[in-house]
Amino acid sequence: TEDFSSVTVTNSGTMNATFPVSFPGSAANITGTATARNGRIIDGDDGFGAFATSATQALKSTGQLRIDFDSPISAFGAYVNDVETSETVRLTLTPDGGGTAVTVDYGGIVNQGRTGRTPGNGQVNFVGFIDKFNLYSSVEISFVGASNEGFGFDDLTVGEVAQVTGT
């Protein structure tokens, strides 16, 4: 699980900020690069609804996050928070070796929010997939209906096929 605890906190985002990510694999770590539009690492709560779900740090991005893996994966999950202007969180999965991208939409998200905030601020959702039969080289998280909204990402979890199938 990547919780961004080892990444330096940044106060302002850059257009396509990149951050190293690392996950335990069955034989070695699965590594990759996370690219976030206006991405930055926040400490705790940014005051606008994005926050760390564990430890103290999280990744904040405006509208999308793409993770390119050095080794293919067959499972992915992440906590996404501050989903307030969009009711659909979209995962776009790139098959290892190319091919047609797979799109998974999580629609109908009800924006409950946290007490004392506007509706949706501070909402946290877990999105992910498990695919025992296919491998993916990248995952992109985007939002249908959101243009310039900031979102928080934390506790990204991946699995390789051996971890998913137990073989």
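User: Which residue stands opposite N125 in strand 8?

Analyst: V80 does. This is a predicted model.

User: How do I read the side chains along strand 8?

Analyst: Start with the general idea. In a regular strand, side chains alternate between the two faces of the sheet. Now the case here. N125, V127 and F129 point to one face and are buried.

User: Is I130 buried or exposed?

Analyst: Exposed, with a relative accessible area of 64%. The cut-off for exposed is over 50%. I130 lies in strand 8, residues 124–130.

User: What does I130 touch, leaving out residues up to four places away in sequence?

Analyst: S74, A75 and V164. Take S74: I130 and S74 are 56 residues apart in sequence, yet their C-alpha atoms are 6.0 Å apart in space.

User: How many salt bridges does a search of the whole structure find?

Analyst: Three. One joins K60 and D46, with the closest N and O atoms 2.3 Å apart. K60 lies in strand 3 and D46 in the loop between strand 2 and strand 3, so the pair ties together parts that are 14 residues apart in sequence.

User: Are K60 and D46 buried or exposed?

Analyst: Both count as buried: K60 at 12% relative accessibility, D46 at 14%. Buried means under 20%.

User: Which residues form the other salt bridges?

Analyst: D105 pairs with R90, the closest N and O atoms being 2.6 Å apart. D105 lies in strand 7 and R90 in strand 6, so this pair ties together parts that are 15 residues apart in sequence. D105 is partly exposed at 40%, and R90 is partly exposed at 27%. D68 pairs with R66, the closest N and O atoms being 3.0 Å apart. D68 is partly exposed, with a relative accessible area of 30%. R66 counts as partly exposed, at 30%.

User: What about backbone angles: which residues have a positive phi although they are not glycine?

Analyst: The general idea first. Most residues other than glycine have a negative phi. Here, N38 has a positive phi of about 50°. D155 also has a positive phi of about 50°.

User: Where do N38 and D155 lie?

Analyst: N38 is in strand 2, residues 30–43. N38 is partly exposed, with a relative accessible area of 29%. D155 is in strand 10, residues 150–159. D155 is buried, at 10%.

Note on methods. Residues are numbered from 1 along each chain as its sequence is written. This is a predicted model: local features need pLDDT of at least 70, side-chain atom pairs count only at pLDDT 80 or more; totals for chains, interfaces and linings use all residues. Side-chain values use heavy atoms; hydrogens and water are left out. Helices (H or I, at least four residues) and strands (E, at least two) are DSSP runs, numbered from the N terminus. Buried means under 20% relative accessible area, exposed over 50%, partly exposed in between (1.4 Å probe, protein chains only). Contact means heavy atoms within 4.5 Å. Two strands pair if DSSP finds at least two bridges between them. A salt bridge is a side-chain nitrogen of Lys or Arg within 4 Å of a carboxyl oxygen of Asp or Glu.
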